[in-house]
Amino acid sequence: MAVDVSGSVGSPSRGRVVAWALWDWGSAAFNAVIVTFVFTVYLTDAVAADEESGSQALGIALAVAGVFIALLAPVTGQRSDAGGRRRLWLGVHTGLVVACTAGLFFVRDDPSYLLPGLVLIAAGSVFFEIAEVNYNAMLVQVSTRATIGRVSGFGWGMGYFGGLVALTIVLFAFVQPDVGLFGVTSEDGLNIRVVALFAALWFALFALPVLLLVPEAPPSGESARGSFLSGYAVLARRLRDMWRTDRRTLLFLVASAVYRDGLAAIFTFGGVVAAGTFGFSATEVVIFAIAANLTAGTGAVLGGRLDDRFGPKRVIVAALAGLILVGGALVVLPGKAAFWACGLLLATFVGPAQSSSRTFFARIVAPEREGEAFGLYATTGRAVSFLGPLAFSGFIAVFGTQRAGMAGIALVLLAGLAAVLPIRPPGSEEGEQQDEAEEKSHP
């Protein structure tokens with residue numbers, strides 16, 4: 001079922017697009033600085049007793065967070081649609097992410113602080129994903145059918161470029177100097193702990209424009225009354241109807257869930273692998289992260305334009321194929337130079353795959369149910385969110401090296417590619433005719 005994505009609230013403007021994308025810019029402080037390149041490396045390298053046990057514990061913590069996201073995301077999105085409160089709940093959950101991030105300041109470089117650090121990162125991940133449900137649903141409010149690809153790509157690009165700027169500040173203000181800004185040193189991990197405060201402030205600041213400038217979406221017209229648990233009954237009926245009349249959407253949810261978990265694993269464990277397998281110092285990890293965010297942001301922006309021109313499925317398939325080939329090479333190639341070359345190529349492909357997955361879904365979901373739909377998008381991703389962390393941690397446990405963990409992630413991406421290949425792209429004449437036939441056969 002094709003949907004007009006011309007925006008639910010008035011005519012989209014550049015100002016609203018920029019305000020919306022600045023949330024992505026700010027969110028990089030949590031994704032890039034905290035989860036990927038700085039604080040998780042600190043947890044596994046300095047706080048944990050050893051890198052292998054720290055890496056496994058991180059994988060378990062993120063898998064547990066995924067279970068909570070899978071349970072909560074679709075119903076919270078559904079209730080946001082019904083009440084017309086996407087922006088409100090985006091603000092609430094963003095605030096909770098900021099609070100969890102700031103709390104990491106108290107995690108010292110001692111094994112006794114590993115569990116509190118993992119709990120805060122896991123909780124922050126849950127609140128972040130639920131916030132992102134409403135953020136993604138707003139895509140249709142700030143774009144049109146003709147521009148949705150480039151707007152989505154611009155948002156992803158802003159996220160990566162925001163990560164680049166944030167990581168650059170972190171590197172030269174706190175990580176690299178013996179005595180950093182405000183006299184901060186590395187004693188008790190203070191330089192990294194202060195980074196957590198910086199990340200919290202960064203996200204809070206750049207989340208404000210979307211909360212102030214992008215209007216609330218109108219209510220979907222469905223009642224938001226009843227207990228939170230009653231939303232699961234509504235969701236079950238919706239999934240049943242989707243299986244009968246809109247199977248393409250359901251199949252894409254499942255297929256994209258698999259490869260999106262592989263994409264998330266690349267960035268989640270990228271810094272850990274760089275430090276543990278390829279011998280990168282903390283400074284080198286951050287420098288690599290800056291370069292990776294530059295190439296990923298560029299890839300996302302260019303991929304968004306290709307999306308509008310050639311369609312999202314072609315972009316997704318090409319990006320996944322590139323990721324699998326380059327990831328496989330990285331498993332066997334030794335040395336820092338190989339990690340630099342392959343890592344930057346991986347980053348370039350990740351952005352387009354992420355952005356076009358969002359536009360593929362936004363093009364086919366029912367109007368005024370975007371929050372619920374992107375809640376399902378988050379849930380299906382998190383329903384299999386154990387795949388990436390489990391493949392990474394499991395292969396380490398079996399083979400005893402982080403390099404083996406990378407092979408596990410490549411297999412997850414391969415499974416996702418195989419699942420998405422048979423799915424009809426949005427806008428295809430054959431696909432629309434089949435959707436209409438399904439609707440007529442199940443009134």
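Which residues have the most contacts inside the largest nonpolar core? They are Ile 34 and Phe 39, in a core of 131 residues. A nonpolar core is a set of buried Ala, Val, Leu, Ile, Met, Phe, Trp, Tyr and Cys residues joined through side-chain atoms within 4.5 Å. Buried means under 20% relative accessible area, with a 1.4 Å probe and protein chains only.

This is a predicted model: local features need pLDDT of at least 70, side-chain atom pairs count only at pLDDT 80 or more, and totals for chains, interfaces and linings use all residues. Residues are numbered from 1 along each chain as its sequence is written, and side-chain values use heavy atoms, without hydrogens and water.

**A buried arginine**

Arg 363 sits in helix H12 (residues 336-364); helices are DSSP runs of H or I, at least four residues, numbered from the N terminus. Arg 363 counts as buried because its relative accessibility is 12%. Its side chain makes a polar contact with the side chain of Asp 307, at 3.0 Å.

**The second largest cavity**

A cavity is a set of points on a 1 Å grid over the protein atoms alone where a 1.4 Å probe fits but cannot get out; lining residues have an atom within 4 Å of a point. There are 4 cavities of 30 Å³ or more.

| Lining class, second largest cavity | Residues |
|---|---|
| Nonpolar | 19 residues |
| Polar | 3 residues |

Technical notes:
Buried means under 20% relative accessible area, exposed over 50%, partly exposed in between (1.4 Å probe, protein chains only). Helices (H or I, at least four residues) and strands (E, at least two) are DSSP runs, numbered from the N terminus. A polar contact is a pair of N or O atoms within 3.5 Å; within protein, one must be able to donate a hydrogen and the other to accept it, and residues adjacent in sequence count only if both atoms are side-chain atoms. On a 1 Å grid over the protein atoms alone, a cavity is a set of points where a 1.4 Å probe fits but cannot get out, and a pocket is an open set with protein on both sides within 12 Å along at least five of seven lines; lining residues have an atom within 4 Å of a point. Grid points are joined across faces, edges and corners, and a volume is the space filled by probe spheres set on the points. Ala, Val, Leu, Ile, Met, Phe, Trp, Tyr, Cys and Pro count as nonpolar, Asp, Glu, Lys and Arg as charged, and the others, Gly among them, as polar.
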